[in-house]
Amino acid sequence: MPIDPRIRRVQLPIETPRTLLRLPNRGDVADLRRSFRDPRTASALGASLHSTQERRDPSRMVRRTLQEYARGEHLSLSVIGRESGRCIGRAGLRGLDWKWKKVESLSYWMDPRYWDQGLTTEASWFLCREAFQRLGMRRISSSALEGNAASLAVLRKLGFVQEGRERQAVVVKGRAMDMVLFGLFRKELVPWKSLACAPAPPS
Ligand SMILES: CC(C)(COP(=O)(O)OP(=O)(O)OC[C@H]1O[C@@H](n2cnc3c(N)ncnc32)[C@H](O)[C@@H]1OP(=O)(O)O)[C@@H](O)C(=O)NCCC(=O)NCCS
């Protein structure tokens with residue numbers, strides 16, 4: 001399948017101090033499956049983009065991601081730990097709106113064994129930079145469920161500005177919950193050096 005030349009402006013892998021961000025491949029499937037089976041991931045992803053089928057069989061997710069990439073629709077990448085060489089999560093720019101130069105959603109999840117080390121913030125910061133610098137996007141939107149403190153913290157650390165709430169947007173375990181809506185412009189992305197997780201960027 002030919003690849004949309006606009007999305008190819010992002011050179012892969014994206015190197016961050018502690019991770020590599022690259023397209024998923026079949027080698028990631030075992031790691032993804034193990035992570036999806038972790039009860040902490042399963043409950044956190046209750047309202048996620050990943051269908052139950054994809055969680056059971058992550059190779060479907062890999063295929064879908066590669067097709068979406070080739071069509072220039074979404075840039076969803078595996079987060080590879082530099083030390084382990086394993087797939088430890090996913091981070092993506094979902095909904096590339098080339099006409100209005102905006103990204104519908106920065107999205108991410110991380111294997112629970114790697115939570116609270118600043119890795120999602122790190123991977124997301126580099127993705128946002130690519131969106132502005134290489135893809136020429138003006139704006140990135142994102143959202144997080146009220147009560148998803150870690151996800152809200154990631155967005156705020158990156159400089160996302162809260163713009164509103166979508167009231168009772170999702171029902172999780174029988175409870176209607178708000179989505180908190182955020183937006184980010186290029187000048188609002190916090191400088192890398194001000195992030196607490198920031199080791200020196202790779203040269
Ligand atoms: C959201 C998620 C990706 C964050 O991953 P992570 O790698 O732990 O994120 P980071 O370490 O970069 O940042 C997490 C921040 O949340 C904070 N945090 C975590 N739990 C918290 C809580 N209960 N209350 C307040 N803050 C909390 C951490 O302290 C950290 O902030 P700090 O660096 O200022 O201390 C991860 O929790 C996850 O995969 N969750 C399930 C999927 C999900 O919810 N995805 C987003 C919506 S689709």
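Predicted model: local features only at pLDDT ≥ 70, side-chain atom pairs only at ≥ 80, totals over all residues.
## The nonpolar core

In this model the largest nonpolar core has 39 residues, and those with the most contacts inside it are Leu21, Val79, Ala123, Leu127 and Cys128. Helix H5, which covers residues 119-133, gives the most to this core, contributing seven residues.

Leucine 127, when residues up to four places away in sequence are not counted, touches Leu21, Ala91, Leu93 and Leu106.

## Helix H5 against helix H6

The axes of H5 and H6 come within 10 Å and cross at roughly 45 degrees. On the H5 side the contact is made by Thr120, Thr121, Ser124, Trp125 and Cys128, while H6 supplies Val154, Lys157 and Leu158. The crossing in which H5 passes H6 is right-handed.

## The buried side of helix H6

Within H6, the residues Val154, Leu155 and Leu158 are buried. These residues lie on the same side of H6, because they cover an arc of only 90 degrees around the axis. The partners against which the buried residues of H6 pack are H5, strand E6 (139-145) and strand E8 (175-185). Just after H6 comes glycine 159, which takes a positive phi of about 110 degrees.

Leucine 155 lies in helix H6, which covers residues 149-158, and it counts as buried because it has 24 C-beta neighbours inside 10 Å, where 20 or more are needed. Not counting residues up to four places away in sequence, leucine 155 touches Ser142, Ala144, Phe160 and Phe182. For the pair formed by leucine 155 and phenylalanine 182, which are 27 residues apart along the chain, the C-alpha atoms are separated by 7.8 Å.

## Helix H1 and its two faces

The buried residues of H1 are Asp31, Leu32, Ser35 and Phe36. Because they cover an arc of only 130 degrees around the axis, they are on the same side of H1. The face turned away from this buried side carries the exposed residues Ala30 and Arg37.

H1 packs with helix H4, which covers residues 58-70, at an angle of about 120 degrees, and their axes are 9 Å apart. This angle makes H1 oblique to H4. The residues that make the contact are Val29, Leu32, Arg33 and Phe36 of H1, together with Pro58, Ser59, Met61 and Val62 of H4. As for handedness, the crossing of H1 and H4 is right-handed.

Arginine 26 is found in the loop between strand E2 (19-22) and helix H1 (29-37). This residue counts as exposed because it has 10 C-beta neighbours inside 10 Å, and the limit for an exposed residue is 12 or fewer.

Although arginine 26 is exposed, it is in contact with Ser59 and Val62 when its neighbours within four places in sequence are left aside. The C-alpha atoms of arginine 26 and serine 59 are separated by 6.6 Å, and these two residues are 33 residues apart along the chain. Ser59 and Val62 are also among the H4 residues that make the contact with H1.

Technical notes:
Residues numbered from 1 in each chain as written. Helix = DSSP H or I, 4+ residues; strand = E, 2+ residues; numbered from the N terminus. Contact = placed C-beta atoms within 7 Å. Core = buried A, V, L, I, M, F, W, Y, C linked by C-beta atoms within 7 Å. Arc of directions from axis to C-beta. Axes fitted to C-alpha atoms, helices over the stretch in contact; angles between N-to-C directions. Left-handed = near helix turned anticlockwise from the far one by under 90°. Parallel < 35°, antiparallel > 145°, perpendicular 65-115°, else oblique.
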